[in-house]
Every structure is written in structure tokens, then in C-alpha cells.
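Look over the sequence and the structure before reading on.

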Amino acid sequence: MPIIKSAIERVRVNEKAAARNASQMSAMRTAIKKFDKAKLAGADNLDDLYKAAISAIDHAHSKGLIKANKAARYKSRLSARYAK
């Protein structure tokens, strides 16, 4: 455990950020999985789920949770599945 006051605060801030980042990554993965399940089931609301998944990917990228190429790869794969 750190002794210096600024180091203690840094640990606290880092724990909060890690929790926030984990939550946002989980939300992104959940949105993608919801779209995949709906696609396999032949659901009617594919448009909404597709938009939500793309939005979640863009949000994760804008927050720095995933890099640009990974976001592009996810979106490309989603688009390919959406088009079929």
C-alpha cells in the first residue's frame, strides 16, 4: 500500500477508472452478443440491435478502451453478419 498521499489518491482513482472501463467493455460485448443471438433467431429488431452494437463499439473507441483498428474490425464483422 502506498504511504504518500498522492499515491493513495492515485490508487483510488485507478480503481474507479478500472471499474468504469470494465463496465463499458462489458456493455459493448453484450450489445454485440445480443445482435448475434437475434440474427441467429431471426428476430425482427435487427436494425435497432445493429445500431446499438455499432454505437457501443464507437463509444468504447472514443473512450480509449479499444484501438481504432479493433473498432473497425468489430464493425466490419458486424456489418458482414448484418448483410447476410
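## H1 against H3

H1 and H3 are roughly parallel to each other, a label used for angles under 35 degrees. Their axes cross at roughly 15° and come within 11 Å. Axes here are lines fitted to C-alpha atoms over the stretch in contact, with angles from 0 to 180 degrees between N-to-C directions. The crossing is left-handed: the near helix is turned anticlockwise from the far one by less than a right angle.

H1 contributes Met28, Ile32, Phe35, Asp36 and Lys39 to the contact, and H3 contributes Tyr74, Leu78, Arg81 and Tyr82. Contact means heavy atoms within 4.5 Å. By class, the residues are six nonpolar, no polar and three charged. Nonpolar covers Ala, Val, Leu, Ile, Met, Phe, Trp, Tyr, Cys and Pro; charged covers Asp, Glu, Lys and Arg; the others, Gly among them, are polar.

## Model and conventions

This is a predicted model; local features need pLDDT of at least 70, side-chain atom pairs count only at pLDDT 80 or more, and totals for chains, interfaces and linings use all residues. Residues are numbered from 1 along each chain as its sequence is written, and side-chain values use heavy atoms, leaving out hydrogens and water.

Helices are DSSP runs (H or I, at least four residues), numbered from the N terminus.

## H1 itself

H1 holds 37 residues, 5-41. At 1.5 Å a residue it should span 54 Å, and its end C-alpha atoms are 54 Å apart, so the two agree. The expected span is 1.5 Å times one less than the number of residues. Glycine 42 follows H1, with a positive phi near 75°.

## H1 against H2

H1 and H2 pack at about 155°, with axes 9 Å apart. They are therefore roughly antiparallel, the label for angles over 145 degrees. This crossing, too, is left-handed. Among the H1 residues in contact are Gln24, Lys34 and Ala38; those of H2 include Leu46, Tyr50 and His59. The contact divides into 13 nonpolar, two polar and two charged residues.

## Alanine 56

Alanine 56 lies in H2. Its relative accessibility is 17%, so alanine 56 counts as buried. Not counting residues up to four places away in sequence, alanine 56 touches Met28 and Ala31. The C-alpha atoms of alanine 56 and alanine 31 are 7.0 Å apart, across 25 residues of chain.

Key
Helices (H or I, at least four residues) and strands (E, at least two) are DSSP runs, numbered from the N terminus. Angles under 35 degrees count as roughly parallel, over 145 as roughly antiparallel, 65 to 115 as roughly perpendicular and the rest as oblique. Buried means under 20% relative accessible area, exposed over 50%, partly exposed in between (1.4 Å probe, protein chains only).
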